[in-house]
Amino acid sequence: MTTEQWFPLPLYEYTCSIPERKELNDDLTLSEFEHRPGWGADTHKLTPRPFESNVLEESHVFQQFLQYHVSQYLNNIGIERHDPYHIHNAWFTSTTKGQYAHLHSHGSDDISGVYYVSTNSRDGDIYFHSPHYVSESNYMVKHMNMARSITPKKGLIVLWPSFLMHGTRINETNHNRISMSFNLTFKR
Ligand SMILES: [Fe+2]
């Protein structure tokens, strides 16, 4: 007799060493933050025109770091031939006390990710909803774990399939969490 679990989704996590983190953070160029027009004042702030810009354009050290971890991610899934990708967009996020991010997805890109520049690890976990969430009226699905939370750490990078719904918990501390988000699309 056997009951197998099928259809898992891959989430990738890697935490940089302190020297690696320093090198990456030196390579990133922060700019000012603003509230996204139409979003509530209790949501996080972003760099201007976040979804139309790529803050990684000049960050060649970070781009190499990203390329390596995307390759690791694909290898871990068993994808042997890696097509080139481009960075569709990338932006910084500032999350101060009382702020959070709504449950959302990054749409039609392939891989989305976040890199934590500055966090005290208590300033709001990122959480992911299982895509099976829509089937929660099913008895078995209702009893399965429908969310996965990840506590931010300085130098942590997380990669996930872009369609996966996620959000961040309220920052209950006085620390301003700074993270960088990005979306990648593979050439087809
Ligand atoms: Fe997001």
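1. The radius of gyration of the protein is 17 Å, which agrees with the value near 16 Å that a compact globule of 188 residues would have. This radius is taken over C-alpha atoms, and the globule rule is 2.2 Å times the number of residues to the power 0.38. Along the principal axes, the C-alpha atoms fill a box of roughly 55 × 40 × 30 Å.

2. The model is predicted: local features need pLDDT of at least 70, side-chain atom pairs count only at pLDDT 80 or more, and totals for chains, interfaces and linings use all residues. Residues are numbered from 1 along each chain as its sequence is written.

3. The secondary structure comprises three helices and ten strands (DSSP runs numbered from the N terminus: helices are H or I, at least four residues; strands are E, at least two). Their pattern along the sequence is β-α-β-α-β-β-β-β-α-β-β-β-β.

4. Six strands form an open sheet with antiparallel pairing, in the order 1-8-5-10-3-2; two strands pair if DSSP finds at least two bridges between them. Strand 1 (12-15) and strand 2 (45-46) stand at the edges with a single partner strand each, so one side of each has no neighbour in the sheet.

5. Strand 1 runs antiparallel to strand 8 (residues 156-161), and four bridges join the two. Within this pair, Y12 stands opposite L159 of strand 8.

6. Of the contacts in the protein with a separation of 6 or more, 85% are between residues 24 or more positions apart (contact: C-beta atoms, placed from the backbone, within 7 Å).

7. Buried residues make up 27% of the 188 residues (buried: 20 or more other C-beta atoms within 10 Å of the residue's own, with C-beta atoms placed from the backbone).

How values were computed
Buried ≥ 20, exposed ≤ 12 C-beta atoms within 10 Å, placed from the backbone. Contact = placed C-beta atoms within 7 Å.
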